[in-house]
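Here is a short tour of one protein model, written for someone new to reading structures. Keep the picture open while you read, and look for each part as it comes up.

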Amino acid sequence: VSLALAAELVMYPKFPALNIIALGGNNLGMAHKKFWKQFCGWAYMNGVRTIEGWVSPGMQRLLERFGFKQIYSHMRFELTEI
């Protein structure tokens, strides 16, 4: 599979966003070059003004190459460890 994507619309008070829930594939760089501009155009035409996602540190490094910026840090505390 070259690209798999699951997303949801999020209606923040100031702007609508598209949250990428899951993203994967065997060649994301190629898929980005081939589809990203059209995907952003489709999202904008449908009212979206920002695209976001919660990602692992490895995916963060990959997405930074595509122009994404870190806004928040997602923290987790495992109850099974105590």
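Let's start with Trp36, which counts as partly exposed because its relative accessibility is 24%. That label has cut-offs: buried means under 20% relative accessible area, exposed means over 50%, and partly exposed is in between, using a 1.4 Å probe and protein chains only. Keep in mind that this is a predicted model, where local features need pLDDT of at least 70 and side-chain atom pairs count only at pLDDT 80 or more, while totals for chains, interfaces and linings use all residues. Residues are numbered from 1 along each chain as its sequence is written, and side-chain values use heavy atoms, with hydrogens and water left out.

How many aromatic pairs are there? The count comes to 4. Rings of Phe, Tyr and Trp (its six-membered ring) pair if their centres lie within 6.5 Å; planes under 30 degrees apart are stacked, over 60 edge-to-face, and the rest tilted. The rings of Tyr12 and Phe15 have centres 5.4 Å apart and planes at 55°, so this pair is tilted. Tyr12 is partly exposed at 35% relative accessible area, and Phe15 is partly exposed at 34%.

The rings of Trp36 and Phe39 make a tilted pair too, with centres 5.8 Å apart and planes at 35°. These residues sit 3 apart in helix H1 (residues 28-45), so about one helical turn separates them. Ring pairs also link Trp36, Phe39, Trp42 and Phe68 into a cluster.

## The overall layout

Now zoom out. The protein has 2 helices and 3 strands, and along the sequence they follow the pattern β-β-α-β-α. Here helices (H or I, at least four residues) and strands (E, at least two) are DSSP runs, numbered from the N terminus.

The C-alpha atoms fill a box of roughly 45 × 35 × 20 Å, taken along the principal axes. Of the 82 residues in the protein, 17% are buried.

## The sheet

What is the order of the strands in the open sheet? The order is E1-E2-E3, and the pairing is mixed. Strands E1 (4-11) and E3 (50-52) are the edge strands, each pairing on one side only. Two strands pair if DSSP finds at least two bridges between them. Strands of a sheet pair through backbone hydrogen bonds, either parallel or antiparallel.

E1 and strand E2 (residues 16-24) run antiparallel and are joined by 8 bridges. They form a hairpin, with 4 residues between them.

Which residues make the nonpolar surface patch of about 250 Å²? They are Leu3, Leu5 and Phe35. Like charges are joined within 9 Å, and nonpolar side chains (Val, Leu, Ile, Met, Phe, Trp, Tyr) within 5 Å. Accessible areas come from the Shrake-Rupley method with a 1.4 Å probe; for residues, only the protein chains shown count as cover. Leu5 lies in strand E1 and is partly exposed, with a relative accessible area of 41%.

Terms used. Patches are made of residues with over 30% relative accessible area and no salt bridge: like charges are joined within 9 Å, nonpolar side chains (Val, Leu, Ile, Met, Phe, Trp, Tyr) within 5 Å. A salt bridge is a side-chain nitrogen of Lys or Arg within 4 Å of a carboxyl oxygen of Asp or Glu.
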